[in-house]
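This report describes selected features of one protein chain. Please consult the sequence and the structure while reading.

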Amino acid sequence: MKGKRIAAFALALTMSVSAVLPCSAAEEDTTLRAVCVLTSESFNPLVYGNTDKMVMHSLFDCLFQFESDGTVVPMLAESYEQDGLDVTITLRQDAYFSDGNPVTANDVAFSYNTTLEDTTLVYNMTMWSTGVDVIDDYTITFHLANNYCKWENFLAELLYVVEESTYDATNDYTTEAPVGSGAYTLSGVDTAKTVTLTANESYWGGAPEYKTVEVIASMDDATALVALQTGEVDLVAQVGKDTYTQAAADSSLVAVSFDSWSTMGLMNFVGDDAFRQAVFHAIDRDTILAICNEGNGEASTNMYSAKIMGDYSDVAPFTGYDLELAQECLAESSFDLSQTITISVFDSDSASVAQCIQADLAIIGISVEVSQTDSNTFFSNLMSGNLEMGVVAMGTDMVVTEDMLSMFDPDAGYPFNISDELIEMAQTAPYIEDEEEHAAAVIEMLEQLTVECPWVPLYDTPMYMVYSSRVGNVNDCSSATYVFYFGDMTIEE
């Protein structure tokens with residue numbers, strides 16, 4: 001599931017906030033300043049790279065879009081019909097690219113097929129679809145890969161539609177963007193990685209109220225909160241719990257908590273089953289909740305969040321915290337306890353969790369250090385196999401249990417040191433067509449995960465964001481999906 005895991009991020013501030021402040025009161029009135037999560041290094045949504053979704057969804061419309069509660073409704077699509085594994089979508093005929101050309105089914109198919117050519121992004125499409133057919137200028141049929149996928153969510157989040165006729169495959173698009181039909185166009189990016197967007201006054205959905213959007217490089221939560229309180233920034237996506245709590249007490253700010261699809265957990269890449277089992281049972285999830293979440297929430301009893309597990313909830317129970325069992329498992333391990341394991345994190349909430357884990361593992365003799373980096377570095381190390389352990393919230397609105405299991409397929413997920421048996425399960429279980437056999441295989445894999453323990457679920461995670469009260473019509477689910485529609489936001493003062 002490369003390229004689509006969205007969690008709560010925070011980057012270290014490497015620039016002065018004053019460097020991005022407006023120069024006039026007039027500009028403030030129609031300029032929205034949002035602090036990003038992931039710094040954009042490319043503006044091509046069809047090729048893998050560090051592309052910030054906040055920016056991408058401003059430049060490129062999708063076929064569907066999110067409502068505030070996380071449900072999905074048509075966007076570029078006008079209507080659709082599903083017949084088995086075929087979904088036929090009729091496009092709206094009043095949607096245009098920023099250069100004035102109409103959005104057609106050929107553009108949608110081109111965007112889809114070009115994404116398939118990228119060795120990393122291809123999985124974002126093939127996990128839910130097998131191909132597309134253009135019926136006419138405004139009609140396209142998607143062929144689904146299975147009957148359990150949330151295909152509408154993929155079409156709301158990952159299939160950005162670009163204009164085929166102007167797309168240049170030789171352009172690296174690091175300073176410009178392909179032509180899209182979004183509410184904004186790209187004006188530029190400066191050396192501090194601040195991205196400036198200009199309103200598309202001819203946007204088919206109506207001219208945006210905010211004429212300029214500045215997407216600012218990420219900053220730590222404390223700095224972001226001060227910037228919000230002083231009016232230097234207007235919106236910060238995915239902040240930590242402490243920042244949310246402080247912001248909620250400020251009448252000039254709106255603080256949002258949204259029950260997400262994510263589970264906070266520990267990835268364990270150490271290639272020793274008994275060691276991973278020891279870690280799994282040594283972590284006191286209730287203590288983590290008490291210290292890091294002020295007692296809110298419940299310790300995980302499933303591999304993934306309630307929103308993702310669905311009908312698979314409680315089918316593969318496991319023993320969580322059991323100190324005696326942890327010590328027994330460690331005694332069977334060949335791991336050299338003179339080593340110090342590094343737990344990698346990239347935000348304040350996961351750092352607090354990692355410190356609790358550090359204390360728990362010390363009790364059974366496992367030495368741990370916590371290393372905090374920026375999110376770009378974290379995920380680069382994760383995908384390249386350079387992490388020993390990592391604390392991260394896993395799960396998005398797009399996926400169900402079967403999709404989450406694919407994270408253990410080395411061809412599509414993360415480089416875990418797991419058995420060939422578990423890998424084979426990840427590569428086959430989600431794709432069994434017979435419903436009973438399919439369910440049995442999924443349950444068997446969930447049970448195997450409780451044996452090999454490469455993933456330690458801790459608790460379901462709420463996601464938080466904060467924005468100025470001068471900004472209206474912000475989707476609550478943006479805190480968890482990181483999909484923002486700046487063109488729909490209103491000026492409230």
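## A pair at the arginine R92

At 24% relative accessibility, R92 counts as partly exposed. The model is a predicted one. R92 forms a salt bridge with D94, and the closest N and O atoms of the two are 2.7 Å apart. D94 is also classed as partly exposed, because its relative accessibility of 37% lies between the limits of 20% and 50%.

Side chains of opposite charge can pair when their charged atoms come close. How many salt bridges does a search of the whole structure find? The search finds nine.

Another salt bridge is formed by R33 and E214, with 3.4 Å between the closest N and O atoms. This pair connects distant parts of the chain: R33 belongs to strand 1 and E214 to strand 10 (residues 212-216), and 181 residues separate them.

Are R33 and E214 buried or exposed? R33 has a relative accessible area of 2% and is buried. E214 has a relative accessibility of 12% and likewise counts as buried. Both assignments follow because buried means under 20% relative accessible area.

## A network of charged residues

Salt bridges can also be linked to one another in this model, as K241, D242 and E294 show by forming a network.

K241 counts as buried at 7% relative accessibility, whereas D242, at 47%, counts as partly exposed.

## Strand 7 and its neighbours

Strand 7 comprises residues 139-144 and is mostly covered, with five of its six residues buried. Which strands pair with strand 7? One of them is strand 5 (residues 86-91), which pairs with strand 7 in the antiparallel sense over five bridges. In this pairing, D86 has H143 of strand 7 as its bridge partner.

Strand 6 (residues 129-136) also runs antiparallel to strand 7, and six bridges join the two. Here D136 stands opposite T139 in strand 7. A hairpin of two residues connects strand 6 to strand 7. In a regular strand the side chains alternate between the two faces of the sheet.

## A loop residue and a contact in space

G49 is located in the loop between strand 1 (31-35) and helix 2 (53-59). With a relative accessible area of 24%, G49 is partly exposed.

How far apart are G49 and L121 in sequence and in space? The two residues are 72 residues apart in sequence, while their C-alpha atoms are 9.4 Å apart in space.

## A negative patch on the surface

Which residues gather in a patch of negative charge on the surface? They are D420, E421, E424, E444 and E447. Helix 15 (420-428) and helix 16 (435-452) are the elements that give two or more residues to this patch. The largest share, three residues, comes from helix 15.

D420 has its place in helix 15. Its relative accessible area is 65%, and D420 is therefore exposed, because exposed means over 50% relative accessible area.

Notes:
Residues numbered from 1 in each chain as written. Predicted model: local features only at pLDDT ≥ 70, side-chain atom pairs only at ≥ 80, totals over all residues. Heavy atoms only, no water. Patch = residues over 30% accessible without salt bridge, like charges linked within 9 Å, V, L, I, M, F, W, Y side chains within 5 Å. Areas by Shrake-Rupley, 256 points an atom, 1.4 Å probe, with all protein chains shown as cover. Salt bridge = Lys/Arg side-chain N within 4 Å of Asp/Glu carboxyl O. Lys, Arg positive; Asp, Glu negative; His and termini not counted. Charge placed at Lys NZ, Arg CZ, Asp CG, Glu CD. Helix = DSSP H or I, 4+ residues; strand = E, 2+ residues; numbered from the N terminus. Buried < 20%, exposed > 50% of the residue type's maximum accessible area, 1.4 Å probe, protein only. Pairing = 2+ DSSP bridges.
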